[in-house]
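Please read this briefing alongside the sequence and the 3D view.

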Amino acid sequence: MAPLIPSAKATLDYPLYACDFDPADSSRLVVGGGGGAGRSGVGNKITLLDTSKATELQEIGEIDLSKDEDNVTSIAVGQKKGKATLVYAGANSSTKDIEAGRNLHFRVFGIEPATKGKGKGKDPEKPLANKISEISRSKLFDAREKDTYQRVLRLSKPFPDQPQLGAVATGFAKESEIVLFDTSTLTPPNSRGAVKLSKEAVDFDFIQAGEKEYLFAYCDEYDIYLKKISPDMDTSLPEEIYVTPASRGSEKVTLPNFRALRFLTPEFLLMLTNIHSNGGVVLQILRIHPSGKGQCRISQSCRLPSSITKATGLAVANLTPPLSPTTPQEYTQFVIAVAGQNISISLFKVDLQVMNKVSMVTPIKPFRTLNNVHPHQITSLTFSNFTPPAHPVTASTPPQYIKLASTGVSNTVLVHTLPLFPVPLSMKRGQSRTPRYVVALPSMKAVVGLAVALSTIGILIAAVLVQGILEVRGGVPVRLNAREYVPLRVQEALGRPYTFPSGYEGIPTGVPASPTGYNHHLGVPTDAENDINADSLGGSALRLPEIFASLQPTPGGQIYIHEHDKEESGIKAAVHDEEVHKGKSWDDLKHEQKKLWLKKLKDAGYWAEDMGETILKGVVFGEIGGVIGGAVAQAVGGG
């Protein structure tokens, strides 16, 4: 059976630190990394992978970078320019160039189809189908420290005939900064200003909110800032839209800190937060004030399982994205992936509902956890760009998927393929006429609930079967009355040892019962004698059915049981003779007499509670505790 989430894995010859899908072709994944500057022997590279097959990754392009320079730390795939797909990356220059103040950390590469006969793959007979070449390199940061590097790189979602914005942020700089640019030029990119920071930026993201209008959000450990970018507002200062409570106090308190952020819509911002001292991870959705000023409000919050003590990465995909920046966001589902320190990836989903131009988000629901994804730490996480197929959706529309890629320092890259399916929408709730796509996987709660329900049903069925079998065997009190429904032949096969249907004449087995009254199974030997005394209960270890059968009364005849002092058990049985034996049938006995007889039979080992009282019906009992008369006593003695 194929897995619900198929995956493909490839192991390269260098550690991987960054990855990104081609926004125009979700079957192409770009990864980068390396051993850095030095004599480690591990090169610095960028590799293009084909992910069109759900269970196989194929290298279709690669470029070797200088071993004197640093490894690739960040990657973002942009739009096409001519025949080349642009790839933006961060990689520090050599130590010598950095000391001279020439750290050209911002690199631009181009991916083009390889000319026939060109390109060199690992197999000389199968040359790579794509050629990756460096187009430009430039310096965007003012920092001159040798440890400073380009830690974060992000591009806005591309739209036709719209400028694409990007940003880079410093890492390990004394004076942190974020540099904004657009991709209209390459050497150097067209600057859209810089943001000087008092604290290092943890993460940032873009979203286009209108024609040439963008929202740019970034966060440090405790605060979130928002900046509006347009041709008229490039120089505006960021607004502080969220402050972690107690982060401004002078007292040293344990505070959670932000790890990543992503825009869902211009109104909602998704935050990934690590609780202090590896205390856990929380996902939060914040609603941004329409003015872009003032404090955000928490709309939804979800704490991850306790097994995830710290998160290292975040990725989000919109399954029904707007077709243009001026189109309002309608009903959609977002898929969220969180990479944990325990090398797991947790998947969540959240729906956006729109009614009367008011947007609301549903609770964040987990639906799958991918454990032990990589041998070592996960370094990057990204979703492919999903574009719904042309409408209407018919039976001929092929299945739709979204891909999730992750990389690790263990030289491994994994691509998971998540199936999607269309759901019809309701016109009464103001939704569009065209269906939208959602994740075609049940949540973990639904899976666990179904498993518990099926297990409970299975246990109940097994309990009923066991109870029925034990009732047929006479081993438990009657609850289901199984003997009324099970055929006689089946009852015999199950080895019912005590009671038989009315009119059934069984052949004596000659197998004695335990003198303690324990229900021996047929065929199990005991130490008791096998001889049957047809005239007395005294000294016998037989049960009442066997004794009654041994007396062999005439058809319609009855058995007579009475007290007898000379018998060891104090009880004697005989064929009933109305002229000699005086007594009462079981139904005519008083309740107290029934109790006394049951106790006496039980103490003697001839009757047990699981045999029931049915077997005693039709038996005539003498008076217990005394003899009816001298003549009767003499007759009983002779009997």
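Leaving aside neighbours within four places in sequence, Tyr17 is in contact (heavy atoms within 4.5 Å) with Gly32, Gly33, Gly34, Asn71, Val72, Thr73, Thr379, Ser380, Thr407 and Val409. This is a predicted model, in which local features need pLDDT of at least 70 and side-chain atom pairs count only at pLDDT 80 or more, while totals for chains, interfaces and linings use all residues. Residues are numbered from 1 along each chain as its sequence is written, and side-chain values use heavy atoms, with hydrogens and water left out.

**Tyr17**
- Tyr17 is found in strand 2, residues 16-22, where strands are DSSP runs of E with at least two residues and helices are runs of H or I with at least four, both numbered from the N terminus.
- Tyr17 has a relative accessible area of 30% and is therefore partly exposed, a class that lies between buried (under 20%) and exposed (over 50%), with a 1.4 Å probe and protein chains only.
- Although Tyr17 and Thr379 are 362 residues apart along the chain, their C-alpha atoms are separated by 5.2 Å.

**The chain**
- The chain contains six helices and 34 strands, and buried residues make up 48% of its 639 residues.
- Of the contacts in the chain with a separation of 6 or more, 54% are between residues 24 or more positions apart.

- An open sheet of four strands has the order 14-15-16-17 with antiparallel pairing, and two strands pair if DSSP finds at least two bridges between them.
- The edge strands, each pairing on one side only, are strand 14 (203-210) and strand 17 (239-243).
- Strand 16 (residues 223-229) runs antiparallel to strand 17 and is joined to it by four bridges; Ile224 has Tyr242 in strand 17 as its bridge partner.

**Aromatic rings**
- The structure holds twelve aromatic pairs, counted for rings of Phe, Tyr and Trp (its six-membered ring) with centres within 6.5 Å, where planes under 30 degrees apart are stacked, over 60 edge-to-face and the rest tilted.
- Phe106 and Phe181 form an edge-to-face pair, at 5.1 Å centre to centre and 70 degrees between the planes.
- This pair links distant parts of the chain, since Phe106 in strand 8 (residues 106-113) and Phe181 in strand 12 (residues 177-182) are 75 residues apart, and both residues are buried.
- The ring centres of Tyr218 and Tyr225 are 5.1 Å apart and their planes are at 15 degrees, so this pair is stacked; Tyr218 and Tyr225 are both buried.
- Ring pairs link Phe204, Phe206, Phe216, Tyr218 and Tyr225 into a cluster.
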